[in-house]
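Here is a short report on one protein model. Have the coordinates open while you read.

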Amino acid sequence: MKIVLLDALTFGDTDLSLFDTFGDVTVYQTTSKEQTLERIREADVVITNKVVITKEMMQESANLKLICIAATGMNNVDLASAKELSIEVKNVAGYSTDSVIQHTFSMLFYLLGHSRYYDEVVKSGTYSKSLIFTDVSQPFFEVKGKKWGIIGLGAIGRGVAKIAEAFGAEVVYFSTSGVVREEPYSMLSLDALLKECDIITIHAPLNEKTENLLDYEQLLLCKEGATILNLGRGGIINEDAVAKIVDEKNLFFGLDVLREEPMKENHPLLSVTNSERLYITPHIAWTSVEAREKLIASVAQNIKESF
């Protein structure tokens, strides 16, 4: 069996030797759209994280039996055409839940505790010249007693909710699907959640109901001093709106996902004045060592189950 892995750089130094047990493995660190067809043409199995596989590519790959998406989202493969051509497509779910939950709190505490400021105060030597033993110039608040709104109460959202409760927060949520389920938390309308919550975290997929869910008008509703974190998908928050409002209102934003990744060089978020209110990480919430190991193991299991 010939297996081709198209974008191994995504997995860092994760051990990929598990795939060798299935046959002949060719590993490419990155693959451009111009290179994709030539690389998969003779493959029985293709493993892709973000490389796009089109109908035309599948039609030209006579041996292709299985496409393994090393991620949860499946929008990089033409699923209808794969079904038509009898090519199986498998993804992986749940591998990064704990990692994303952890990164949610990492982002929150970085912003809430003004970590960038205090780290620089010490390392710049300013603290060494202080007349007192502490620095209270950037006040921060406790999570306890705050209202925490979750947009998207799936597995990750529920995990965040459980830990937020442990810190003493009151958890509420907005259902992006509109489906009312039995939950131990109050469900609010989006406007009510934005107006009432001190902390808002997004853990929803990007679809027709969530695209631009938080635009400028919605962000204007947020409480002064609120912290808004997007660990769902880029495009749920309008990034142009964030770039505008962060210089107009006392709001803090943490973004691990952007509409276009990697971030374009002239992105408006790179030119904001109040950059201390903005924390951006390069889509890393899913990338704990343990999550990447689970991901590779799950892809291998998908191959094993198909042959």
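Is Glu211 buried, partly exposed or exposed? Glu211 counts as partly exposed, because its relative accessibility is 42%. The classes are defined by relative accessible area: buried is under 20%, exposed is over 50%, and partly exposed lies in between (1.4 Å probe, protein chains only).

This is a predicted model, in which local features need pLDDT of at least 70, side-chain atom pairs count only at pLDDT 80 or more, and totals for chains, interfaces and linings use all residues. Residues are numbered from 1 along each chain as its sequence is written, and side-chain values use heavy atoms, with hydrogens and water left out.

**Overall build**

The protein chain has 10 helices and 12 strands. These are DSSP runs numbered from the N terminus: helices are H or I with at least four residues, strands are E with at least two. Of the 307 residues in the chain, 47% are buried. Along the principal axes, the C-alpha atoms fill a box of roughly 70 × 50 × 35 Å.

**Salt bridges**

A salt bridge is a side-chain nitrogen of Lys or Arg within 4 Å of a carboxyl oxygen of Asp or Glu. By this rule there are 14 salt bridges. The table gives some of them.

| Pair | Closest N to O |
|---|---|
| Lys123 and Asp119 | 3.1 Å |

Arg259 is partly exposed, at 45% relative accessibility.

Glu60 is partly exposed at 45%, and Arg41 is partly exposed at 25%. Glu38, Arg41 and Glu60 are linked in a network of salt bridges.

Lys123 and Asp119 both lie in helix α5, four residues apart, about one turn of the helix. Lys123 counts as exposed because its relative accessibility is 67%. Asp119 is partly exposed, at 37%.

**Surface patch**

Val122, Tyr127, Leu131, Ile132 and Phe133 form a nonpolar surface patch with about 630 Å² of accessible area together. Areas come from the Shrake-Rupley method with a 1.4 Å probe, and for residues only the protein chains shown count as cover. Patch residues have over 30% relative accessible area and no salt bridge; like charges are joined within 9 Å, nonpolar side chains (Val, Leu, Ile, Met, Phe, Trp, Tyr) within 5 Å. Leu131 lies in the loop between α5 (115-123) and β6 (147-151). At 86% relative accessibility, Leu131 is exposed.

**Backbone exceptions**

Most residues other than glycine have a negative phi, and most peptide bonds are trans. Asn212, not a glycine, has a positive phi of about 55°. Asn212 sits in the loop between β9 and α8 and is partly exposed at 32%. His283 has a positive phi near 50°, and is found in the loop between β12 and α10 (289-306). The peptide bond from Glu261 to Pro262 is cis, with omega near 0°. Pro262 is in the loop between β11 and β12.
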